[in-house]
Amino acid sequence: MLTLPNLLTLSRIFAVPLLAFLLWWPNWEFGYGLAFVLYCLMGITDYFDGYLARSSGAVSRLGVFLDPIADKIMVAAVILVLTAQGILRGPYVGDMHVIAGLVILVREIAVSGLREFLGGLQVSMPVSRLAKWKTTFQLVSLGALILGRATPWWNVWVGALEINVPHTVGLTTLWAAAVLTLVTGWDYLRVGLKHMD
């Protein structure tokens, strides 16, 4: 149970409250800098726990259970705190970017329920390549949004509009993740509907 991959996964779960704490004050640049470092470390452990488990033959039921939960807890916590602190805002559309975050959260809950349902029927639902791209955009977007608050001076002028580079990258990739979320969510739903007669 207490293998290195499982410990790495557990470390991500236990780090979520600290990450949320660091994100709670949107004008605390140093805190957001620390949050960005912690977020990157959590992403690195996400890669290495799976890699180590497969390469050492230490894949466990606990690890298979905990890994997706750790990912979802981290993503949900970051989206909720950033929304609460008004960071999912941008020019022209204001806080409409919250919709992209909501789409991602709804899909995560729906797919988790679908996997649980299909698991009871002994039906596996492998992760598609497109879903991996969704995850990549999602992780990049949240990291960039955190970095944008840590570096409020990293701005460029686009016409008469001054924009923060990481923040803009974060909002753009958040919408890319939301679109892929809808596509992959529909793909998973189609698989699930075949077993719901």
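Is the crossing of α5 and α6 left-handed or right-handed? In this predicted model, the crossing of these two helices is left-handed. The legends below begin with that pair.

**Figure 1. Packing of helices α5 and α6 in the predicted model.**
Two packed helices are described by the angle between their axes and the distance between the axes. For α5 (129-150) and α6 (165-193), the angle is about 155° and the axes are 7 Å apart. Angles over 145 degrees count as roughly antiparallel, and α5 and α6 are therefore roughly antiparallel to each other. The residues in the contact of α5 with α6 comprise 18 nonpolar, 8 polar and 1 charged.

**Figure 2. Contact between helices α2 and α5.**
Helix α2 spans residues 29-55, and its axis comes within 7 Å of the axis of α5, with a crossing of roughly 155°. That angle makes α2 roughly antiparallel to α5. The crossing of α2 and α5 is left-handed. On the α2 side, the residues that take part are Glu29, Tyr32, Gly33, Ala35, Phe36 and Tyr39. They meet Gln138, Leu139, Leu142, Gly143, Ile146, Leu147, Arg149 and Ala150 of α5. Sorted by class, this contact of α2 with α5 holds 9 nonpolar, 3 polar and 2 charged residues.

**Figure 3. Packing of helices α1 and α2.**
Helix α1, residues 4-23, packs against α2 at an angle of about 165°, and the two axes lie 9 Å apart. The angle makes α1 roughly antiparallel to α2. In passing α2, α1 forms a left-handed crossing. The contact of α1 with α2 is made up of 18 nonpolar, 4 polar and 3 charged residues.

**Figure 4. The second largest pocket and its lining.**
Rolling a probe the size of a water molecule over the atoms shows where empty space is left. Two or more lining residues come from each of α5 (129-150), β2 (161-164) and α6 (165-193). Strand β2 supplies the largest share of the lining, with 4 residues. By class, the lining of this pocket divides into 5 nonpolar, 6 polar and 3 charged residues.

Note on methods: Residues are numbered from 1 along each chain as its sequence is written. This is a predicted model: local features need pLDDT of at least 70, side-chain atom pairs count only at pLDDT 80 or more; totals for chains, interfaces and linings use all residues. Side-chain values use heavy atoms; hydrogens and water are left out. On a 1 Å grid over the protein atoms alone, a cavity is a set of points where a 1.4 Å probe fits but cannot get out, and a pocket is an open set with protein on both sides within 12 Å along at least five of seven lines; lining residues have an atom within 4 Å of a point. Grid points are joined across faces, edges and corners, and a volume is the space filled by probe spheres set on the points. Ala, Val, Leu, Ile, Met, Phe, Trp, Tyr, Cys and Pro count as nonpolar, Asp, Glu, Lys and Arg as charged, and the others, Gly among them, as polar. Axes are lines fitted to C-alpha atoms, for helices over the stretch in contact, and angles run from 0 to 180 degrees between N-to-C directions. Angles under 35 degrees count as roughly parallel, over 145 as roughly antiparallel, 65 to 115 as roughly perpendicular and the rest as oblique. A crossing is left-handed if the near helix is turned anticlockwise from the far one by less than a right angle, and right-handed if clockwise. Contact means heavy atoms within 4.5 Å.
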